[in-house]
Amino acid sequence: MTDPGNTLSSVAAASSASPTFNTVAGIISETCDIPRETIKPESHAINDLGIDSLDFLDIAFAIDKAFGIKMPLEQWTQEVNDGKATTDQYFQLNNLCTRIDELVAAKGA
Amino acid sequence: MRLEYFQLIDRIVALSIADQTIRAEACVPTASTIFEGHFPGHPLMPGVLLIEAMAQTSGWLLIAITKFTRMPFFAAVKEAKLRSFVTPGQQLALSSKLVHEGSGFAMTMADARCDGKVVCNAEITFRLVEFPNPEFRASMEKMAKTLEFPIEAIAHG
């Protein structure tokens, strides 16, 4: 039986999440067949959700389309490979959503 | 087609950077050891090779769009449909259109026709990476000439 306390807290978390997060979580859930409720803002796409780089291409495609952007995956990968960034900065979902918001804002600027 | 060299297309007949489309043609050889096994007494062009032909067609489109700065590597194929048999000697008209160019990847929709009828189609995903070495790029440029790749379309695209 579901603990009502947990249910309430997850509902609260979902309602307080940004629209960007809700869109991204929906894309990940649908693309990778991951239950939506297991996808949290603090989830790391690779380490926590087990999404591999090939599956991430489908997610990137859907995010690019949904937000009208082109996520600079090559640049991000290069920064991680060069030790200039950690994967958390780009693949933890709250950080990913911040990057998406920045790209959307830059597009409109 | 030179199946023994995995060259699945013969010629690029049209390329539009503006429309993000390409057309190519290929003639299925009348004889190949492949047909001895696939199948004895009933030679058929293998479906996986038709998919490869669509992938190669798409690959040249992506090389054109990225102006020879990236090499496309086949990464995924979705909704591949092999709609009718293709037999030795048949002429294939291949076409591909860009669906999305992401950062380091791209997706296309491709099909192949025989006598105007679609015989196969698929959505294909590629990883786009820098050429691993200059020799590789040079070999692709040489292949581009063989296939009559319209290099001027890149310059004016």
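Q: How many helices and strands does chain A have?

A: Chain A of this predicted model contains six helices and zero strands. Read from the N terminus, its elements follow the order α-α-α-α-α-α.

Q: What share of the residues in chain A is buried, and what share of its contacts joins residues 24 or more positions apart?

A: Burial is judged by counting neighbouring C-beta atoms, with 20 or more within 10 Å required. Of the 109 residues in chain A, 22% are buried. Among contacts in chain A with a separation of 6 or more, 60% link residues 24 or more positions apart.

Q: Which residues of H2(A) and H3(A) meet?

A: From H2(A) come Thr23(A), Val24(A), Ile27(A), Ile28(A), Thr31(A) and Cys32(A), and they meet Asp55(A), Asp58(A), Ile59(A), Ala62(A), Ile63(A) and Ala66(A) of H3(A). By class, this contact of H2(A) with H3(A) comprises eight nonpolar, two polar and two charged residues.

Q: At what angle do H2(A) and helix H6 of chain A cross?

A: The axes of H2(A) and helix H6 (residues 93-108) of chain A come within 9 Å and cross at roughly 115 degrees. The range for roughly perpendicular runs from 65 to 115 degrees, which makes H2(A) roughly perpendicular to H6(A). This crossing, too, is right-handed. Thr20(A), Phe21(A) and Val24(A) represent H2(A) in the contact, while H6(A) contributes Leu93(A), Asn94(A), Leu96(A), Cys97(A), Ile100(A) and Asp101(A). The residues of the contact of H2(A) with H6(A) are six nonpolar, two polar and one charged.

Q: How is an interface between chains described, and how many residues of chain A are in contact with chain B?

A: The accessible area lost when the parts come together is often used to give the size of an interface. Counted here by contacts, 11 residues of chain A touch nine residues of chain B. On the chain A side, the elements giving two or more residues are H3 and helix H4 (73-81). H3(A) gives the most, with six residues. That side has seven nonpolar and four charged residues, and no polar ones.

Q: Which residues have the most contacts inside the largest nonpolar core?

A: This core has 54 residues, and those with the most contacts inside it are Val24(A), Leu96(A), Leu50(B), Ala53(B), Met54(B), Leu94(B) and Ala112(B). Helix H2 (residues 47-65) of chain B supplies the largest share, 11 residues. Leaving aside neighbours within four places in sequence, Leu50(B) is in contact with Met45(B), Leu82(B), Val86(B), Ala112(B) and Cys120(B).

Notes:
Residues numbered from 1 in each chain as written. Chains lettered and ligands numbered in written order. Predicted model: local features only at pLDDT ≥ 70, side-chain atom pairs only at ≥ 80, totals over all residues. Core = buried A, V, L, I, M, F, W, Y, C linked by C-beta atoms within 7 Å. Buried ≥ 20, exposed ≤ 12 C-beta atoms within 10 Å, placed from the backbone. Helix = DSSP H or I, 4+ residues; strand = E, 2+ residues; numbered from the N terminus. Contact = placed C-beta atoms within 7 Å. Nonpolar A, V, L, I, M, F, W, Y, C, P; charged D, E, K, R; others polar. Axes fitted to C-alpha atoms, helices over the stretch in contact; angles between N-to-C directions. Parallel < 35°, antiparallel > 145°, perpendicular 65-115°, else oblique. Left-handed = near helix turned anticlockwise from the far one by under 90°.
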